[in-house]
Amino acid sequence: MKKVGIVMGSDSDLPIIEKATAMLDTLEIPYEVHVYSAHRTPVEARDFALSARENGFGAIIAAAGMAAHLAGAIAANTTLPVIGIPCKSNTLDGVDALYSTVQMPTGIPVATVAINGGANAALLCAQIIAVEDKDLAAKLDAKRASDAAVVLEKDKKISAQFNK
Ligand code: RP5
């Protein structure tokens, strides 16, 4: 199975990345995690992206906060799908990173998930890899079904409380 590459701009982004790794663990998808910054270690970030396809990755998650150009910088150096996670920082509630990540100019796309959306970033990578992997697609179907069952159980409780 193809691996997911996970890059964060700083180890201060780790709590958001851990939501992604937890989801990938659940789905038994292999991954590699790195701290590479688009501005502090631009050479390492570029080299990771340039070699990602030959190193067996199928999709890349890039998480960064503030003027978050990491996902775009990674995407500039690979044609693998890049999922950007805008990370919330102390000042602008993550809207700075959201705009920086989502507003990619034409030609270099970054699929951007919600602010701090680590779990959805992992799920989107899983769905990309599952295009060519029937077993993984079945796991994703099973997860959707079990998530739906949880909601319907909650509906049962709320209905019993209010709908008499
Ligand atoms: C970004 O700046 C990082 O992705 C992080 O979200 C933010 C702050 O980084 P640190 O100052 O905590 O290293 O590059």
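This is a predicted model: local features need pLDDT of at least 70, side-chain atom pairs count only at pLDDT 80 or more; totals for chains, interfaces and linings use all residues.

Me: OK, which residues surround the ligand?
Reply: Gly9, Ser10, Ser12, Asp13, His39, Arg40, Ala64 and Gly65 surround the ligand.

Me: And how does that shell divide into nonpolar, polar and charged?
Reply: The shell has 1 nonpolar, 5 polar and 2 charged residues.

Me: How far is the arginine 40 side chain from the ligand?
Reply: One of the polar side-chain atoms of arginine 40 is 2.8 Å from a ligand oxygen. With glycine 65 it's a polar backbone atom, 3.0 Å from a ligand oxygen.

Me: How much of the ligand does the protein cover?
Reply: On its own the ligand has 360 Å² of accessible area, and the protein covers 74% of that.

Me: Where does the ligand sit?
Reply: In the largest pocket.

Me: Switching topic: where is asparagine 116?
Reply: Asparagine 116 is in the loop between strand S5 (111–112) and helix H5 (118–130).

Me: What does asparagine 116 touch?
Reply: Leaving out residues up to four places away in sequence, asparagine 116 touches Ile16, Lys19, Ile85, Pro86, Cys87 and Lys88. With lysine 88, a polar side-chain atom of asparagine 116 lies 2.9 Å from the lysine's backbone nitrogen.

Me: Last one, how many helices and strands are there?
Reply: The protein has 6 helices and 5 strands. Along the sequence they follow the pattern β-α-β-α-β-α-β-α-β-α-α.

Methods
Residues are numbered from 1 along each chain as its sequence is written. Side-chain values use heavy atoms; hydrogens and water are left out. A residue is near a molecule or strand if one of its heavy atoms lies within 4 Å of it. A polar contact is a pair of N or O atoms within 3.5 Å; within protein, one must be able to donate a hydrogen and the other to accept it, and residues adjacent in sequence count only if both atoms are side-chain atoms. Accessible areas come from the Shrake-Rupley method with a 1.4 Å probe; for residues, only the protein chains shown count as cover. On a 1 Å grid over the protein atoms alone, a cavity is a set of points where a 1.4 Å probe fits but cannot get out, and a pocket is an open set with protein on both sides within 12 Å along at least five of seven lines; lining residues have an atom within 4 Å of a point. A molecule sits in a cavity or pocket if more than half of its atoms lie within 2 Å of its grid points. Ala, Val, Leu, Ile, Met, Phe, Trp, Tyr, Cys and Pro count as nonpolar, Asp, Glu, Lys and Arg as charged, and the others, Gly among them, as polar. Helices (H or I, at least four residues) and strands (E, at least two) are DSSP runs, numbered from the N terminus. Contact means heavy atoms within 4.5 Å.
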